[in-house]
Amino acid sequence: KKKKKKETLPISICFIVVNEFCERFSYYGMKALLTLYFLNYLKWDKDLSTAVYHAFSGLCYFTPILGAFIADSWLGKYKTIIYLSIVYVIGHVVKSVGAIPTVGSTELHIALSMSGLILIALGTGGIKPCVAAFGGDQFGEEHTTERQKFFSIFYMSINAGSFLSTIITPILRGDVQCFGGDCYALAFGVPAALMVVALVVFIAGSSLYKRTPPQGNILWEVCNCIGFALKNRWNKSKHDSPRQHWLDWAEEKYSMRLIQEIKMVLRVLVLYIPLPMFWALFDQQMLNALLILVFVPIFDLIIYPLVRLSVLHPFCVPSQEAGEIVPHKIEDVKANNVHIAYQIPQYILITAGEVMFSITGLEFSYSQAPANMKSVLQAGWLLTVAFGNVIVLIVAEGAGLEQWIEFLLFACLLLGVCIIFSIMAHFYTYVDPEEMDKLYLENSVREEDDSDFKKKNNEIQLNKTGKSTRM
């Protein structure tokens, strides 16, 4: 009896994962310095800096719709990733040049910085839904488990790239001096170089990739189908018999397969409506939360005891009389009787929730999408992040609540969303797009056979009629 061969991930996945690691390093490394760059280099005030930062972040999560449209309707995922990665690289280069003090005036620096950020937003947002979907395309329908494993590794590479970049690029800015000050040009230049590496690595794996060709202007066709169904329902619902679904009013003009695929996509998008609230709460964590958790035990158990042994405590300064050392106690902030380590369980729970939520969402968005709309649903998933940021802006900036009240409000809202989402998920029926493709393929073959049979039968009848006329 033959042993079952152990399934392994295709080699092409290595190139996609490394590409994602470098791209995320590039994006988060640049983004970690943006606020300081606006405040210290461009000399903007805090309000303008915060507004531009959030506007850029929001744009990065709205542009995936554009990338999905280009990939699924026009260029395909592979070419879309390459072309928009080039736009991404150009944006980084322009941004880095704008951080060189000797290049032009302040107005030119602002123009270059804003142009670079717009190009970066187009690049990172445009490729975001395509890379995940393209990775999923490397697996056949029988390799569901391997595909799920890929999405876990893919998400790990995202977090690894973002974590390392938020440590390294601030060090490059602060510890390396150039042009007589903090070296923003170098700190932005390193992410630019990583994006070049990401592009080169992705192209290097070209011969190994499975590529799904685009299937025409599918998004335009979807919009037209929805518009026709609504119009037809409005005009004929009073006279005709009711349909099972409102999209069924498009049967007169569009194929049943397209209608069913649109139903699939809409059902998933409706399921995503409550999800922005998760991101609204999650994205309010401090960017260095992981660093805090790592260094709290190290400092408590090792660093602080060593400092206490080597230095007088409380803080000592030399007296101005006779060179005598006199202790002086300095207190900047009131002592807090709650140790910061008590936050560890909360961060563990939040991180565990985010890992389960994000990886499952990526895989679910891919598995529940028709073959010609994989990038579209990935973009829909990313839009939940964008709307989560919008919610934060509205509540945090508009309401003006105390921080503890704000956190309590978000927690209560998220609890309500969990209940709503659980009810929605209970009524959701999981669809296998591959099985649906097979079903429609079989039906189309039968229809072709039936039409061929009818055509041959008609020809026979015509031939018989022709012979009898001659006689």
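By salt bridge I mean a side-chain nitrogen of Lys or Arg within 4 Å of a carboxyl oxygen of Asp or Glu. E363 sits in helix 13 (residues 344-367) and R147 in helix 7, so the bridge ties together parts that are 216 residues apart in sequence.

A word on what we are looking at. This is a predicted model, in which local features need pLDDT of at least 70, side-chain atom pairs count only at pLDDT 80 or more, and totals for chains, interfaces and linings use all residues. Residues are numbered from 1 along each chain as its sequence is written, and side-chain values use heavy atoms, with hydrogens and water left out.

Now the overall picture. The chain has 16 helices and 4 strands; these are DSSP runs, numbered from the N terminus, with helices being H or I of at least four residues and strands E of at least two. Of the 471 residues in the chain, 40% are buried. Contacts are heavy atoms within 4.5 Å, and among those with a separation of 6 or more, 77% join residues 24 or more positions apart.

How far can we trust it? The mean pLDDT of the chain is 81, and 78% of its residues reach 70 or more; pLDDT is the predictor's confidence in each residue, from 0 to 100. Helix 5 has the highest mean among the elements, at 96, while strand 3 (residues 316-318) has the lowest, at 41. Over residues 311-323 the pLDDT is below 50, and this stretch has 15 contacts in the model beyond near neighbours in sequence.

Back to the charges: the whole structure holds 6 salt bridges. In another one, the side chains of D248 and K263 meet at 2.8 Å, N to O. D248 lies in the loop between helix 9 (218-236) and helix 10 (256-271), and K263 in helix 10, so this pair ties together parts that are 15 residues apart in sequence. Both D248 and K263 are buried.

R257 counts as partly exposed because its relative accessibility is 33%, whereas E261, at 5%, counts as buried.

Let's move to the nonpolar side. The largest nonpolar core has 97 residues, of which I16 and F56 touch the most other members. Such a core is a set of buried Ala, Val, Leu, Ile, Met, Phe, Trp, Tyr and Cys residues joined through side-chain atoms within 4.5 Å. Helix 14 (residues 374-399) gives the most to this core, with 10 residues. Beyond four places in sequence, the residues that I16 touches include F134, F150, F154 and F202.

Last stop, helix 8 (residues 184-204). Its 21 residues reach 31 Å from first C-alpha to last, close to the 30 Å expected, which is 1.5 Å times one less than the number of residues. Its buried residues include F188, L194 and F202. Among the elements covering them are helix 1 (12-31), helix 6 (106-137) and strand 2 (181-182).

Methods: Buried < 20%, exposed > 50% of the residue type's maximum accessible area, 1.4 Å probe, protein only.
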